[in-house]
Amino acid sequence: MAAPRRAAVLGSPIAHSLSPVLHRAAYEELGLTGWTYDRFEVDEAALPGFFETLGPEWAGLSLTMPLKRAVIPLLDGISETAASVDAVNTVVLTQDGRRTGDNTDVPGMVAALREHGIDKVEAAAILGAGATASSALAALSRVCPGEIAVYVRSEARAAEMRQWAERLEVSVRIADWADAEQALHAPLVISTTPAGVTDALARSVPERPTALFDVLYDPWPTDLAARWSAYGGAVVSGLDLLVHQAVLQVEQMTGRAPAPLDAMRKAGERALAAR
C-alpha cells in the first residue's frame with residue numbers, strides 16, 4: 001500500500017476556495033485513495049512557519065492571495081512562467097525536500113480559451129490591472145499578436161502594466177477606466193476585476209459581442225457575463241479557469257496525467273450550486 005500523500009491550498013481568506021472540491025474529485029477519479037487535500041488560512045507572516053512544518057508526506061501546495069509572490073523566497077526554484085509574472089500558485093514538494101514553484105494560471109487561461117475555440121485573436125482588452133491582470137497579459141502574449149488595451153483606474157496601476165508589457169514583450173495601450181465601455185468592442189475582453197466592478201458596463205454590451213473571459217466564478221454569472229451571453233457572445237468563466245489551472249496542478253503534484261477535467265468541473269459546478 002502506497003504511503004499517504006498530502007496537498008492543500010493556502011491563502012487568506014481561504015474558506016471560499018473551491019480547490020479542495022476539485023482536487024479531491026481528481027483523486028477519487030484517479031483512484032488515489034491515500035491522498036488528502038485540505039485548506040489552511042495562512043497569511044504572509046505565517047507562511048515561513050507553515051513551510052517549516054512540511055514533512056515528506058507533502059506532495060504539493062496551491063497558493064492564492066496574498067501568497068503568490070511571498071512564497072518565492074522560500075523555494076528552491078521557479079519555472080519560467082512563474083518568473084515571467086513574479087507569481088507562484090503551485091508548489092511541488094519532493095520527498096527529498098526540494099520545493100519548486102510554478103504558475104498554472106497562465107497556461108490555465110490559455111487552455112480555457114482554447115476549450116471555447118479561441119486560439120488566436122488579433123487584438124484584446126483587459127479590464128483591471130491587479131494581480132490577475134498580469135497573468136492575463138502573459139496568457140494573451142501566447143494568443144494575441146496585436147495590441148492589448150488595458151483599462152485602469154490609477155497611474156500607479158498603469159505604470160505597473162507598462163512594466164509587465166515590456167517584460168512580456170507585448171504591445172499594450174493604457175486607457176482610462178472612464179472609457180471602459182470601449183473595451184467591450186474588442187475581439188476578446190478579459191475582465192479581471194472584483195465582483196460588482198463591471199456591473200455598470202453590462203448596459204453597454206454591443207448587440208453582437210465577440211468573446212468575454214470573466215475570471216469570477218462566485219457570484220456567477222456576473223451582470224456583464226449574463227448580458228454578454230444573452231446577446232449571443234462567447235463567455236469563458238472563472239470556473240473554466242479554476243478547473244484548467246487545477247488540472248495542471250493535479251498532474252504536477254501526483255505525476256498522473258491526464259487529470260480528469262470533466263469530473264473536476266462537475267464537482268465544482270455542484271459545489272457552486274449548493275452555495
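Analyst: Buried means a relative accessible area under 20%, exposed means over 50%, and partly exposed is in between (1.4 Å probe, protein chains only). This is a predicted model, in which local features need pLDDT of at least 70 and side-chain atom pairs count only at pLDDT 80 or more, while totals for chains, interfaces and linings use all residues. Residues are numbered from 1 along each chain as its sequence is written, and side-chain values use heavy atoms, with hydrogens and water left out.

User: Why is Trp-35 called buried?

Analyst: Its relative accessibility is 15%, so Trp-35 counts as buried.

User: How many aromatic pairs does the count come to?

Analyst: The count is 4 aromatic pairs. One of them joins Tyr-27 and Trp-35, with 5.4 Å centre to centre and 55° between the planes. Rings of Phe, Tyr and Trp (its six-membered ring) pair if their centres lie within 6.5 Å; planes under 30 degrees apart are stacked, over 60 edge-to-face, and the rest tilted, so this pair is tilted. Tyr-27 is buried because its relative accessible area is 4%.

User: What makes the pair of Phe-40 and Trp-58 tilted?

Analyst: The angle between the planes is 55°, and the centres are 6.4 Å apart. This pair links distant parts of the chain: Phe-40 is in strand β2 (residues 35-41) and Trp-58 in strand β3 (residues 58-63), 18 residues apart. Helices (H or I, at least four residues) and strands (E, at least two) are DSSP runs numbered from the N terminus. Phe-40 has 26% relative accessibility and so counts as partly exposed, whereas Trp-58, at 4%, is buried. Phe-40, Phe-50 and Trp-58 form one aromatic cluster.

User: Why are α4 and α8 called oblique to each other?

Analyst: The axes of helix α4 (residues 105-115) and helix α8 (residues 238-254) come within 8 Å and cross at roughly 120°. Angles under 35 degrees count as roughly parallel, over 145 as roughly antiparallel, 65 to 115 as roughly perpendicular and the rest as oblique. α4 and α8 are therefore oblique.

User: Which residues of α8 make the contact?

Analyst: Those of α8 are Asp-240, Leu-241, His-244, Gln-245 and Leu-248, while α4 contributes residues including Asp-105, Pro-107 and Met-109 (contact: heavy atoms within 4.5 Å).

User: How do you know whether Ala-202 is buried or exposed?

Analyst: At 6% relative accessibility, Ala-202 counts as buried. Ala-202 lies in the loop between β10 (188-191) and β11 (211-214). Leaving aside neighbours within four places in sequence, Ala-202 is in contact with Asp-223, Leu-224 and Arg-227.

Technical notes. Axes are lines fitted to C-alpha atoms, for helices over the stretch in contact, and angles run from 0 to 180 degrees between N-to-C directions.
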